[in-house]
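Thanks for coming. I will take a few minutes to walk through one structure, so please have the sequence and the model open.

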Amino acid sequence: MPDVWKPSVTVAAIIERDGLFLLVEEETSEGVRFNQPAGHLDPHESLEQAVVRETLEETAHDFTPTALVGMYMSRYVSARTGHDVTYLSFSFCGEVGAKYDQPLDVGILRAVWMSYDELVACKDKHRSPSVLQRVIDYLDGKRAPLSLLQTDPSVYEVMNNG
């Protein structure tokens, strides 16, 4: 059977407090970029669990998702390596919680609060075009209930291959 094309599934947190958005400044193969707290869906976790984990790992903040803002599909081809990846990203808004004294994920330089205007001003330094689009959609009030997302219990089962 030939290889089946599969997009890379990611999650992102849109976190707003007092008119500022929580972003991460991170090292990428294309240089230093800004992004929402985001990352890949891991095996045996729901989309909601993934966005909570990624936010904690990248910002040292608790996050409780309250709604789905949007689903974004984009293609990235590295100018440096030619690597071609299509991303399917689920973006959540929610409540930011406690901040912990812990190291940030490898490659994350810092977590930073930015205004919408500051975010627009550094558009050329965004990890992807979705960074700004997610915030625009959030500010436009786009929300879908988390009840739209269903995770079958089989996802959580660890299979014994022995």
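I start with Cys93, which counts as buried because its relative accessibility is 4%. By buried I mean under 20% relative accessible area; exposed is over 50% and partly exposed is in between, with a 1.4 Å probe and protein chains only. Cys122 is buried too, with a relative accessible area of 11%. How many disulfides does the structure hold? The number is 0, where a disulfide is a pair of cysteine sulfur atoms within 2.5 Å.

Before going on, a word on the source. This is a predicted model, in which local features need pLDDT of at least 70 and side-chain atom pairs count only at pLDDT 80 or more, while totals for chains, interfaces and linings use all residues. Residues are numbered from 1 along each chain as its sequence is written, and side-chain values use heavy atoms, with hydrogens and water left out.

Now the strands. Helices (H or I, at least four residues) and strands (E, at least two) are DSSP runs, numbered from the N terminus. Two strands pair if DSSP finds at least two bridges between them. Strand S7, residues 84–99, pairs with strand S1, residues 8–14, in the parallel sense over 7 bridges. Cys93 comes back here: in S7 it is the bridge partner of Ile14. S7 also pairs with strand S6, residues 61–77, this time in the antiparallel sense over 14 bridges. One example is Thr64, whose bridge partner in S7 is Glu95. What do S6 and S7 form, with 6 residues between them? They form a hairpin, and in its turn Gly82 has a positive phi of about 80 degrees.

As background, side chains in a regular strand alternate between the two faces of the sheet.

Next, please find Leu119. This residue is in helix H2, residues 116–121. Leu119 counts as buried because its relative accessible area is 0%. Leaving out residues up to four places away in sequence, Leu119 touches Leu23, Met114, His126, Val131, Leu132 and Val135, where contact means heavy atoms within 4.5 Å. Leu20 is 99 residues from Leu119 along the chain, and their C-alpha atoms are separated by 9.6 Å.

Two of those contacts, Val131 and Leu132, are also among the buried residues of helix H3, so let us turn to H3. Is this helix enclosed or open? H3 is largely enclosed by the rest of the structure, because 7 of its 10 residues are buried. The buried ones are Ser130, Val131, Leu132, Arg134, Val135, Asp137 and Tyr138.

I will take some of these in turn. Ser130 lies in H3 and is buried at 10% relative accessibility. Apart from neighbours within four places in sequence, Ser130 is in contact with Tyr72 and Ser74. Tyr72 also has Arg134 over the face of its ring, at 5.9 Å from the ring centre. For a charge to sit over a ring, NZ of Lys or CZ of Arg must be within 6 Å of the ring centre and within 35 degrees of the ring normal.

Tyr138 brings us to the aromatic rings. The structure holds 1 aromatic pair. Phe21 and Tyr138 form this pair, edge-to-face, at 5.9 Å centre to centre with 90 degrees between the planes. The pair links distant parts of the chain: Phe21 is in strand S3, residues 20–28, and Tyr138 is in H3, residues 130–139, 117 residues apart. The rule is that rings of Phe, Tyr and Trp (its six-membered ring) pair if their centres lie within 6.5 Å; planes under 30 degrees apart count as stacked, over 60 as edge-to-face and the rest as tilted. Phe21 is buried, at 3% relative accessibility, and Tyr138 is buried at 14%.

Last, the salt bridges, of which the structure holds 8. A salt bridge is a side-chain nitrogen of Lys or Arg within 4 Å of a carboxyl oxygen of Asp or Glu. Just after H3, Gly141 takes a positive phi of about 85 degrees.

Elsewhere, Arg53 forms salt bridges with Glu45, at 2.7 Å between the closest N and O atoms, and with Glu54, at 2.9 Å. Glu45 is buried at 11%, and Glu54 is buried at 6%. Which residues are linked in a network of salt bridges? They are Asp42, Glu45, Arg53, Glu54 and Glu57.
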